[in-house]
Amino acid sequence: MLRNTPRGYGLVAISFHWIMATLIVAMLGLGLYMTSLPQSAPNLYPLYQLHKSIGFVVLTLATLRIVWRLVNPSPALPAAMPALEKLAAHLGHAGLYALMFLLPISGWLMVSASPWGIPTIVFDVLPVPHLPIPPVLGDKAQAESLLKVVHEYAAWVLVALLVAHIAAALKHHFIARDDTLRRMVSAKPAKSAS
């Protein structure tokens with residue numbers, strides 16, 4: 001089952017979810033590790049290039065995921081879920097999607113604003129041009145500083161949303177005992193409750 005159904009996710013949506021989850025968690029860990037290193041660390045440059053490369057993969061996948069979601073709507077939330085929980089789920093998902101774009105774009109802008117002018121070459125193969133920096137952000141040094149703060153705080157907000165997302169999935173699986181988590185693990189049609 002490639003496409004979503006009213007009761008479950010299809011293989012494409014499930015693949016997007018788990019591939020992006022893996023990449024995003026790896027990016028968060030890599031970002032924390034890189035920023036803990038001294039500027040003189042010999043492996044810092046390749047780590048930043050890897051971080052930027054994976055960031056472009058995340059941005060591309062996020063775009064494809066949005067397109068897929070527009071042409072292939074998600075299954076409905078469980079009918080028994082309270083309205084407040086449904087609202088929290090929708091807001092949480094909207095926040096996750098927004099951060100999937102904000103983090104790579106703020107990183108790309110930050111690199112573009114850097115006075116160092118270091119090129120970005122995705123996986124040492126594809127050169128990516130720098131973005132123009134909006135004048136409202138000030139000169140390059142001011143823009144880079146602001147974008148660094150945005151990128152860092154957005155990463156911590158993403159961590160908080162991921163923890164809430166995982167906690168909600170586990171709550172549905174172990175406490176509510178509904179199929180919310182199961183349908184994101186398997187593309188098999190969910191059995192109706194008897």
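**Pockets and helix packing in a predicted model**

The largest pocket has a volume of about 1300 Å³. A pocket here is an open set of points on a 1 Å grid over the protein atoms alone, where a 1.4 Å probe fits, with protein on both sides within 12 Å along at least five of seven lines. The volume is the space filled by probe spheres set on the points, which are joined across faces, edges and corners. This is a predicted model, in which local features need pLDDT of at least 70 and side-chain atom pairs count only at pLDDT 80 or more, while totals for chains, interfaces and linings use all residues. Residues are numbered from 1 along each chain as its sequence is written, and side-chain values use heavy atoms, with hydrogens and water left out.

The protein chain has four helices and two strands, in the order α-α-α-β-β-α along the sequence. Helices are DSSP runs of H or I with at least four residues, strands are runs of E with at least two, and both are numbered from the N terminus. Along the principal axes, the C-alpha atoms of the protein chain fill a box of roughly 65 × 35 × 35 Å.

The lining of the largest pocket consists of 39 residues, and Met-34, Thr-35, Tyr-48, Met-110 and His-151 lie nearest the pocket centre. A lining residue has an atom within 4 Å of a point. At least two lining residues come from each of helix H1 (11–36), helix H2 (44–71), helix H3 (83–113) and helix H4 (140–176). By class, this lining has 24 nonpolar, 11 polar and four charged residues; Ala, Val, Leu, Ile, Met, Phe, Trp, Tyr, Cys and Pro count as nonpolar, Asp, Glu, Lys and Arg as charged, and the others, Gly among them, as polar.

The second largest pocket holds about 1100 Å³ of space. Its lining has 44 residues, with His-17, His-93, Leu-96, His-165 and Ala-169 nearest the centre. H1, H2, H3 and H4 each give two or more residues to this lining, and H4 contributes the largest share, 11 residues. The lining of the second largest pocket divides into 28 nonpolar, 11 polar and five charged residues.

Next comes the packing of the helices. The axes of H3 and H4 are 8 Å apart, at an angle of about 150 degrees. Axes are lines fitted to C-alpha atoms, for helices over the stretch in contact, and angles run from 0 to 180 degrees between N-to-C directions. H3 and H4 are therefore roughly antiparallel to each other, since angles over 145 degrees count as such, under 35 as roughly parallel, 65 to 115 as roughly perpendicular and the rest as oblique. Their crossing is left-handed, meaning that the near helix is turned anticlockwise from the far one by less than a right angle. The contact of H3 with H4 comprises 16 nonpolar, nine polar and five charged residues.

Side chains of opposite charge can pair when their charged atoms come close. Glu-85 and Lys-171 form a salt bridge, at 3.1 Å from N to O; the rule asks for a side-chain nitrogen of Lys or Arg within 4 Å of a carboxyl oxygen of Asp or Glu. Glu-85 in helix H3 and Lys-171 in helix H4 are 86 residues apart and link distant parts of the chain. The count comes to one salt bridge.

H1 and H4 pack with their axes 11 Å apart, at about 135 degrees, and are therefore oblique to each other. The crossing of H1 and H4 is left-handed.
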